[in-house]
Structures are given as C-alpha cells and as structure tokens.
Amino acid sequence: MNTIGTLLWFLIIISVVVISHEFGHFIVARRNRIRVIEFDVGMGPTLFHFTRKGTKFCLKALPLGGACVFDGMEIDPEALKKSDDKEVIDESIADIDVKGEKSFREASVWARIATVLAGPFFNFILAMIFALVIVSFCGSDLPIISGLTQGRPAAESGLSVGDTITKINGERIHIWRDITLISILNSGEDLKIEYVHDGKKLETVVTPSFDETENRYFIGIEGGNQYIKCKGLSLFKYSWYEIRFNFNNTLKSLFTLFRGKLSMDNVAGPVGIAEAVGDNYVAAKEYGLLSVILTMMNFAMLISVNLGVINLLPLPAIDGGKLIFMLIEVVRGKPVPAEKEGIVHFIGIILLFLLTIFIFFNDIMRLMGR
C-alpha cells in the first residue's frame, strides 16, 4: 500500500506542478493571440486527444512532464535554416482556422517575454495557494530560541532562551527555517546575529563550529517549536514567508552546488523525488489523511517553487535561456537570427538530456545504496 500511495502522490504532485507551469504559458499566449498548436500532459505516445480553438490537447502515456507548443518555436537548426527566418508551419495544422492568431516569432517581443515568464510565474502562484492552505491549518514557526546546545558557539555568545532572532548577516529572519537554512549552508563564516532580548535590540557575532560526525557547521541554537496561528492579513504575510523561504532555499542550494560545496547526491531527479514523496507519505500517514494531504501540499509547494526558479536560470532550452535572447532583442532592436538561437537551444537540449540521464543514474545508485 505504501508503494501505491507513493506512486499516486508522486504522479499527482508532478502533474499538478507541470500542468500549472504549462497552463501559464498557454493562457498568456492565448491572451496575446499567439497560436498554440498543442498542449500536452505527460510525455510519449498520445493516449487521448481533442482539438479546441485550434489547439490539440493531448494526454500522453508517460505521466511525467508536459509541453505547450507554439507555432514558430522550432529549435531544430536545420529546420530553421530552411525556413529562411520564417516560421515553419506543420502541414498537420495548415487547415486550422487561426482567427487572427500569429506564430510565436511574429508576436511582439514583449508578448513573447510575457508568455515565457508566465510558466514560472504560475508555479509561484500555485505555491502561494498551497502555502495559504498549509499556514491556515498549521500556522508558522517563529524564530524564537528554545534552547542552547552546550559546547557550541551560541552558548557563549550572549544569546538566551526566548530571544527572537531578527537578522543574520543583514538578511531578515521571519521564520525559524530561515535560520536552519543559513546554518546548514554555512561553511564556517562568521554570522552577525541581530536579536531581541527582553524588548531590547542587541547583536552578537557567532563563529559556527564544525562537527566531524555530522560533517557540517553548527551554531548551537534550538528552536522551531513555537508556532503562531495565522488568520486575516497574518495568513497572507506568513504564507509569503513560506514562499520566500522556499525561493531562498532553491537559490542558495543551487549557488552552493555551483561553488562545489554540495555534491550531486544533493540533487534529485524523478526517482529521487519519488523517494522523497514516499518518505514524507509514510511519515505522515500514521497521523491521518489531513496530515498526508498537508504534507504532500508542502512538498508540492517546494517542487513548484523549484521548477519556477530553475526555469528562470539563463540556460539554453529553458525559459530563462529564451528570455536572454528576447532581452538581447530589446537592447539591439531586432531579434537574434533564428538559426543561431536554434543552435544554442539545440545544444542546450542535448546537455539537459545528458544531465537528466546522469541524475537518473545517480538517483538509482543512491536508492540501491540505502
């Protein structure tokens, strides 16, 4: 039953997050009269499809991923060369009544920018919806110290139980997990901590100590067990803090990974995500259905923010890479030649494919090593 439940929740989470992303592209493209050829849910062979207003909606065999295909968004460099910088229209859609719609490359640069940005933006909207539900039921963890670990730096820093931490190295602290994230990613750098003690604003500097057993640095403060119930405006405020935390978590983790201070074992593909879903599902199941739903929502919120952030990275073949070419077009006043852009994205797709294979293999090896 755990395997079935894990698989079911994994498919639900991935489907909802991906469909939200692609729907963002779709709805903004439609608003800008950009011709959408196909809207796919899943990958691989088509199981079921129907056509509405010139768009073919398809349910694919593999319930992973999805796509929103615009007319004139080819990335095959050979096809683009043959097109002589004009959109290549598939013969299968030649008979569609487009009703004033245009290809992606015919649309204004700002319409294209809005369409590309809409995918990540809808991921953040979805994450905010999840955050509102989660915080309304669970409240939010306050950045209040509940204990000090003896022998750790914080115990000698002037910090006390009951103090509220407000800033670390100039970064505002809103929830306890902000502190946890800074601590986990710290590499021994001094931390300037600003806090409130008995109504007074104070500050101290803590140098984290290295724990060889855990192979990481520790501050030596405990917390995360004091919660605030959220209603009205505080519900929106603390829901925003949830999104902010997940956004920072993704960005800081990526930056730390690129600096070589995190290993590829910290990166997960579909297998790793399914494994994490299973662990969370098993942990929450004993507390009832509501606990399972809220736990899965929390995980989906994290995945949705991750997808939104990663798609904004300036890498070829993803939304961020496409945005770079559009911003270049804004600056120079004319688009980059289609065949040149196509070559860059084509190389990006190959590299992403190789990275996907590597991550998949890494997930399997990690799973076998458990």
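Predicted model: local features only at pLDDT ≥ 70, side-chain atom pairs only at ≥ 80, totals over all residues.

Visitor: Why is Arg30 called buried?

Guide: Arg30 has 18% relative accessibility. Buried means under 20%, so Arg30, at 18%, counts as buried.

Visitor: Where is Arg30 found, and with which residues is it in contact?

Guide: Arg30 belongs to helix α1, which covers residues 2–31. When neighbours within four places in sequence are left aside, Arg30 is in contact with Arg52, Lys53, Thr55 and Glu101.

Visitor: How do you know that the span of helix α3 agrees with its number of residues?

Guide: Helix α3 has 30 residues, 109–138, and at 1.5 Å a residue it should span 44 Å. Its end C-alpha atoms are 43 Å apart, and therefore the two values agree.

Visitor: Where in α3 does a kink lie, and what follows the helix?

Guide: The kink, of about 40 degrees, is at Ala118, shortly before the proline Pro120. After α3 comes Gly139, with a positive phi near 75 degrees.

Visitor: What makes up the lining of the second largest pocket?

Guide: This pocket holds about 290 Å³ of space. Elements giving two or more residues to its lining are α4 (176–185) and α5 (233–258). The lining has 16 residues, and those nearest the centre of the pocket are Ile182, Leu185, Asn186, Glu189 and Lys252. By class, six lining residues are nonpolar, four polar and six charged.

Notes. Residues numbered from 1 in each chain as written. Heavy atoms only, no water. Helix = DSSP H or I, 4+ residues; strand = E, 2+ residues; numbered from the N terminus. Expected span 1.5 Å × (residues − 1). Bend = angle between axes of the 7 residues up to and from the residue. Buried < 20%, exposed > 50% of the residue type's maximum accessible area, 1.4 Å probe, protein only. Contact = heavy atoms within 4.5 Å. 1 Å grid on protein atoms, 1.4 Å probe; cavity = no way out; pocket = protein on both sides within 12 Å on 5 of 7 lines; lining within 4 Å. Points joined across faces, edges and corners; volume = space filled by probe spheres on them. Nonpolar A, V, L, I, M, F, W, Y, C, P; charged D, E, K, R; others polar.
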